[in-house]
Structures are given as structure tokens and as C-alpha cells.
Amino acid sequence: MQVLSNAAVAIVDEGETGYRLAERASIVIDGSAIAWVGADADLPAAYRGAPSRDLEGRVVTPGLIDCHTHIVYGGDRAREFEMRLEGASYEEIARAGGGILSSVRNTREASEEELLALALPRVDTLLSEGVTTLEIKSGYGLDIATELKMLRVARRIGEERPVHVVTTWLAAHALPPEFKDDRAGYIEKVVIAGMDQGHAEGLIDAVDGFCEGIAFSVEEMARIFDHAKTLGLPIKLHAEQLSDLHGAAMAAGHGALSADHLEYLGADGIAAMAKAGTVAVLLPGAFYTLRETKYPPLQALREAGVPIALATDSNPGTSPLTSLLLTMNMGATLFRMTPAECLRGVTRNAARALGLSDRGVIAPGARADLAIWDIKHPAELSYRIGFNPLHARIFGGQHV
């Protein structure tokens, strides 16, 4: 047992639009969980003899949660970055065999050890900014062997680093060349068959897909989600990034944890997400990298009461971003989210987007994943650009 005293604890309560800062507060950690939170002066006698650490007024937030990444992959796509700057669109690059398929070739060729070695520095950068939970998707294999290889690497990251990794099956990311004339065959022989195999091996925590004109239709994704439900796997969806195919409404109707991107989200999708409690995961890194001009409907999401999360979307092509702090700044600067919404978006709401009810808050019974910051107010986390004020990170009750 240990006591963190003289802390400024950021409280992000459910249903509130702001946050509270409880100063001169203590947090009692018992094992991997939080046992008590309150004013220093109210610390129960039972805890007063425990080892104590004076935080000297530093701000404490829940450990940050990056709830949407593609951080395991081979190669890079710096040349495509140049192509976009020269005028090529994302769809033009994809239809010419670039985009996702470029990463597929490099990821298929890389060994598990090579993919792990490439991913760890990216992960370490996120951890250095207070991240304690990280979602990692497959999606750059587009064959069963490589998709499962990616998820094995993701599991190993959680073993080799002090971070909780949530794995997501994203074989429905793009159509590989060998199935270009057999969409139904790819869904049955790779997406669904691989889902069965990965689930049997304990490699899959959730199922995702890319619902877009250059990827998979609403009907195709519904077929995939129906199968995921037979396995008891939660679902989420890349939706309404480039056009409004009404994928978010379909996903919400299937009880999706989240719908992500959402720049072109319409009223039907917002209503369905609000009804289902589906989290809107906004990804300003991709918006920024692709130089998009269509903003996600933030005010409409607020008014409907849809929970809003933020994530890096860390990937080699459209969001080569490994900073959740910069993501928070982008959420505020580009999307006009408030600093309180940004903090909630990478803590409480990000946990909800992953179906995790034991973290994202500082409260008795919650997992003791914490970030301690050399700042005076939580708004600084969204305000600063290119500055990391992390003082310490606590993962499962352990200082790391």
C-alpha cells in the first residue's frame, strides 16, 4: 500500500462538461487498484502509516489511453506524403496500389521480431507521455498469417512494456490484390476465417473494419459484425471519413463500442450512436495529415450526448503520429474541443471506447494507472505544443 499526498487530482466525472481539480488531495493505492481518494486532511487513520510520497502539488490525471492505433507495421510511406503534397489525393494513391497496400507488402515481408523492433520505439514515445493503455489493430497483412503475426506482436508489446494492450482484428481494412475480383471470397476466407482462428488463439479483443467507397460497404461490414457477435467479440468501425455511407448508424445498431473518424457523419448516425452509447472517436492526426477541410460535427455530437474520445490513429500513411499530447492540442485547435473534452477524450471516454470500465478515472476501485504532471492546471496538457511535462507514470500501482 502507498499514499500519494499533496496532489492536485483532476476529476473527470461522467456527464459533466468540465473537470474539477481537487488540490491538497491524497490517493491511496492498494496493489494495482485505487483504494481511496480525498483531501489530505481527511486521510483515514488506517492509511496514515503507509509509505507516502509528497507530490508537491503536481497535477495527477488518469493514465492516458490511446484507443485507436495501427502502430505495428513494416516500412514507411514518406514518399506518399510527398505525393499528397504534390497534389495526389488519398483515394488516387490507394487506387494506384499505394496507401494501405504499400504497408501490406512491407508488413508481409517483415518477421515478427522485425515488426516488434520497429514498433517498440513508437510505443515508448507514447508511454513517455503518460499512456498506460494502448489499442493496436491488425490490418496491414490482409492474409491470415500476417494479420495474426501483427496481433502476436501486439501481445508481445504488452509483455515487454508496462502498458495494457487491447488488440483489434482489422482484416477488413482493404482488399488485397489477390482477391481483387473476389470480394465475397476475401471476407469469407480471410476476414471471417481468420477471425475464427485468432479468436481461438486468444489474440483478438475486438473487431473493426474500414467502411468506405475504397474499402468495404455497409452490407459487407454488417456480415462481418454479425459473425463477430457469434464469437462474443465487441465491434467498432472506421466510418464516414471520406463520405457518408451511414456506416456509423449500422455499427451503432450492432452495439458498436465506437465509430471512428466521422468527418462526414450525418444526423442519422449521430442519433443511432446516442441511442446505443457508441463513442465517437475523433482522429485529428489523420485530418491534419490529409489536409482535410470537412470537420466532424462536434456540436451536434455534444448536443446529442454522444461520448467523444480522441486518439492518435498512429499509422504509417495518414497519421504518422506518436504523441497523444499533440493529439489533444489538435483536438482543441483543429476541432475546437475544450481542454476538458480533450482530457476526457483520452481518459474516461477512451476507456469506454475500448469497453474498459476499470480505468480512465481516479476513483476507489479503479485501476491505479496514473500520470503525474509538472503543471499547474490540466488545460496545459492541451495548450502546449511539442512539450512533455510528464513527471512520473504509474501503471497498475507501480511507478515505471
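I took helices (H or I, at least four residues) and strands (E, at least two) as DSSP runs, numbered from the N terminus. The model is predicted, so I noted that local features need pLDDT of at least 70, that side-chain atom pairs count only at pLDDT 80 or more, and that totals for chains, interfaces and linings use all residues. Residues are numbered from 1 along each chain as its sequence is written, and side-chain values use heavy atoms, with hydrogens and water left out.

Entry on α7. I found Gly232 after α7, with a positive phi near 75°. I then listed its buried residues (under 20% relative accessible area, 1.4 Å probe, protein chains only): Val218, Glu220, Met221, Ala222, Ile224, Phe225, His227 and Ala228. These buried residues pack against β8 (164-172), α6 (183-200), β9 (206-211), β10 (236-239) and α8 (247-253).

Entry on the whole protein. I counted 15 helices and 16 strands. Of the 400 residues, 60% are buried. Among contacts (heavy atoms within 4.5 Å) between residues at least 6 apart in sequence, 71% join residues at least 24 apart. The C-alpha atoms fill a box of roughly 70 × 45 × 40 Å along the principal axes.

Entry on charge. I recorded 37 positive and 52 negative side chains, the centres of the two sets lying 2 Å apart. Lys and Arg count as positive, Asp and Glu as negative, with His and the chain ends not counted; each charge is placed at NZ of Lys, CZ of Arg, CG of Asp or CD of Glu.

Technical notes: Buried means under 20% relative accessible area, exposed over 50%, partly exposed in between (1.4 Å probe, protein chains only).
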